[in-house]
Each structure stands twice: as C-alpha cells, then as structure tokens.
Amino acid sequence: MTASVAFPFLTVPDSNVIAEPWFIRVDGGELAPAAEFVAGWDYACKIELTRNIEVSFEEAAEALGISPKNLELELLVEVGTGAGRYPRQMLTCARYPITASASRAEVKLIPDSSSLSSLIFLTTTLVLSASPAEAPRLSPIQTNSKLWSERSTMRLDGDEPRFPIETARFSSFFQDLPESNSPWYMSWNPGDWNRDFHGAVRLYLNTEFPQFIERLQAGDDFALRYLSVEIIGQILEKLMDEEDAQDIIDNAPAGSLGAQAGSWVSLAWPNTPINTLQQKAETQPGRFRACIWAIADRQEEL
Amino acid sequence: MIVKLFPRLRRAAVDQLLDKLEPTARGSAFALAYSLPDAVYYAPTGGAKVPHSQLTGLRTAILEIAKKNGYPRSPDRAQASEFDAEASIQLVELTGANNGEFLRDDVWACIATVLLPDIVTWRFSLGARERYHGGIRNAFQRLWLRGVVLDRGEGHQERWGLLQSLTEDALVQITERPSIASSKELSLALAEGWVQASCKYGVRKMEELMRKVTLQVRLHNEIRHLASMSTEDLEGFINQLFEDAAYRSGLAPA
C-alpha cells in the first residue's frame, strides 16, 4: 500500500493478502520468477505474466469494519508501460471479483509486446466493487475505493542500460571550459529528490579518453567500481547536506532519486541514525567516502 | 504485425546537433542529404527499420500543416493552436496509438531534431531545447500524446473535437500529469467535463476551474481507482468536481 497516502477510510493490511510473486514466460519458454529485468525482450517477443493472489476475506472484512455479507471486492490488475516513475500508458486492466467463497485469483496476462516500451508496470489493486448496505463511519463506502495495492516494475531488455550512460566528445560539449578535460561527468540536479532516478541522473563518458571507455566496456571490475563509488558518493554527500535527509528518504516515492539514495544508505550503514552519518560526512569526509566502496562491492550493477 | 523501428537520438547528440543549427535554417539535415546523421541508431531487433519514404512522408505532412498556418512567418496564437491540433491528428494517424516506439523519448528527440528541426524553431525557438529533447515537452511528443488520449474513437462524428475545443492550458493540465495522461479513460472524462463546464461557465473562467479540478482528480485518484469506473459514473464524478469548484469560486453559469 502507498505509505505516503493518508487514507480517509480503513484499508486492508498486507497481512490479509497473500500475493504470490509474479512469474513470466518469454516466447513459450519455461515459466520463471519475474526478475527485475526481462532479458532477451524485443517487440516480437511473446510474454505471459502470471501470479496468484488470495485475499483473507473474513479478515479483510474485519479490517474494513464491514460485515462479510455486505462486502463486495474486486482485484484490478493493470499493465502499464513507458520509461519513468509512472507508466506513460496503461494498456490493460483485468478484473477479478473476490468473494467469501472465491477469494483467490489466478492472474494471467498476455500484453502485446509491440505496445511495450522500456518498463512494464504491474499494478494490483483491491477495490470495493459496491457500496456496502451498512458501514461504520471509518469504513470505505464509495465504489472503487482503493483498499490495498502493490506495484511491480520490470525493465525490458534493449539498448537501455540500467544506469543511463551516454558517450560524448567533451571538447565539443564543453568547448574551452575546464570540464572538457574530464574523462567523465555525471549530469544531475541535486535537490529534486522525488524525481525518477533514471531520469534524474545521466553519466557522460568522454570519447576523447578511449582507453577509459574501453576498460569500462570490457567490464574492468576496478574501473566500474571506482565509477560507482564516485556516482554514489556524489549523491550521498549531497543528501547528507540536507537538514531533512531522513524525511527525504522516508517520503521518497519508489524509484526516485531519494529512494535510491535511501537504499544505498541502508546498504552501507544498516540501522545507523542519519544524524550520525551526517556528522561523519562533515567531520570525516574521507572515511565517509571510503565506506561507499562497501556498497559498490555489493552492487552487481548501478 | 512487424513493428516499424524508428530512428532514435540520444540526449547528448541532440545538444551537439542543436549547437550546429542556425536559427534561420530551413529544411532538415535529413531532408537535404536524404540520410540520417551518424548519431542516429535503431533498436537492434524486434522489427524492421521504417522506410525513408515514410520518414519523408511524415516530414512533408507536418510541413504542409505548418505552411497552412503561416510558416515560415511566426505563427500567431490562433495559428499555433491550429497547427497543434492538426499536427496531433496527423501524428496519430501516421504513427498509430499502440506502438512502444512512440513512448520513447529518443524517438521523439530524433523526429524533432533531425526530421523537423525547422518546424520546432518556427513553433517555439531554437533556444527552447526542451522542445527538441525527448519528453513531455517535446514539440511533437506532446502533440502525439494529446491525439492518443483525446481521440474519441474512429466511429465518433466529432472524433477529434476535443483537440479543437480545449485550450492550451487545459491540454497541458491533462497531458503533463502522468497520473492522468496514462489513462485514456480518465483523460477523456476530464476533457469532456471541461467542454461541458466551458459551455456553462464560459471559456474565460476555465483556467482556474480546470486547475482546481485537476488537483482534485489527482487527489481522489490516490484513494479511488477512477479509471476503472463506468463511463457514466466517471462522467458524473468529474462533472460534480467542476460544479463544486465553480461553487467554491463563486461562479454562476454564464
């Protein structure tokens, strides 16, 4: 359920919904757990997405304060697509009625690959499908009230790297500015922590440093980790400058720059209060930066 | 059906090409040389490269609409608005609504920067780089999106009426809000609600009303699945939001 939304009515807790993981079948192959990345995808692929969901009807009714005999529920499963934090286009919305006697939905979706682009968003929402005859004041009463929801995102294979990277000739890009002598630079605007991570950050590699680019292309472990540390370091050091760093992390929407920074913080310094980290970044910047190597070591890829 | 793969252009390449562009230049590098710049690339698999004739056809069609609306002289407000509406229709008819290629920023960056840079400069200016780069403000991407979400359907007598009726501000309120624009049902309902309310309260009052209603739609959409409501229920809900906003603003029917 969206943690940042304060619902004006009772909702169904996660514990009342058994949402099994998504499975994917590509081009008639084996059904496999859906990973973050759909390898080998292109517009000609056939994709099948399946999952099972079960709602504990009685418990959900109790959580909503509505008698089971007055409760009508429906699961909506949507496929959306397009790059960014939100889908650019919702393609389909499948409906599964949920009742006391049929509280399990076997979801099977076959989106048309030619309509897909960059990302697949799979949103599952439990809604009230009819106004209850009787309900206490805090219970939902309007049809289509959102009672529980969950979203999964999968990146599609193609030419899109997980981390946006471009090559450019810096002497053309920056002309006589000192930046033209740099082998790389990260284009980003600190401050807009709610912006989609992949739209907010872009790495430019200078084609005038061909050996450096060749090392990266060859998968040179040290060069890749060095670059990761530099990128993560820039972002986390800026985050530590923010007075409300903890609020930024807590309120960051999924997939945003703030959420990504928050996940790096948890990875490098689990259970450490943010003010301790801010102090470390201020008084021991070298050690703070050195800690970031731990994240780069544990990240398969940015 | 085989997907037609359109040329793509990365962000840095857009900037490099724009740096070389003259503000008074006519035509495009593509049209003159009949070939695409080296920086252009395609999806490696999954379809067939779109034929050059289709790219030149796209350029010709949009250029014709621009000429009808004053090109190369700077367009006035009415001409710009007419160009936008006609180009929206043409882009949807030429590209289709359900092709993953047209959800990509780099495809639209290429269309604006390589195929139709002179039209972007005419409609906006060479300095307005966000109109060349891919994204919701791209000169043609925004028009295509408008056409897709506000198409009333092939059988409708006034199929493209919403594109012609809504003001620029109203169109922006719908298409620059991903939580609304991603849903055709919600976008159409909001646009139809705008048309009804504009008849009742007058177009001049609509900017403030539309902003209030758009905010309400976004708030309600967080707690209620608006897009899956029946057409009648959604229409009634949106109309009520306009009524409430008008009442709070002290507006009486014109």
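1. What does the domain assignment of chain B give? It gives domain 1 (1-154) and domain 2 (166-254), with bounds taken from an automatic or database domain assignment. The model is predicted: local features need pLDDT of at least 70, side-chain atom pairs count only at pLDDT 80 or more, and totals for chains, interfaces and linings use all residues. Residues are numbered from 1 along each chain as its sequence is written, chains are lettered from A in the order in which they are written, and side-chain values use heavy atoms, without hydrogens and water.

2. The centres of domain 1 and domain 2 of chain B, taken over C-alpha atoms, lie 29 Å apart. Contact (heavy atoms within 4.5 Å) joins 11 residues of domain 1 of chain B to 12 residues of domain 2 of chain B.

3. Together, these two domains of chain B bury about 1,000 Å², 55% of it on carbon and sulfur atoms; buried area is the accessible area (1.4 Å probe) lost when two parts are put together, summed over both. B:R146, B:V149 and B:L150 supply 53% of the area that domain 1 of chain B buries against domain 2 of chain B, more than any other three residues.

4. Between domain 1 and domain 2 of chain B there are 4 salt bridges (a side-chain nitrogen of Lys or Arg within 4 Å of a carboxyl oxygen of Asp or Glu). B:R137 forms a salt bridge with B:E176, the closest N and O atoms being 3.8 Å apart.

5. Over all chains, the structure holds 0 disulfides (pairs of cysteine sulfur atoms within 2.5 Å).
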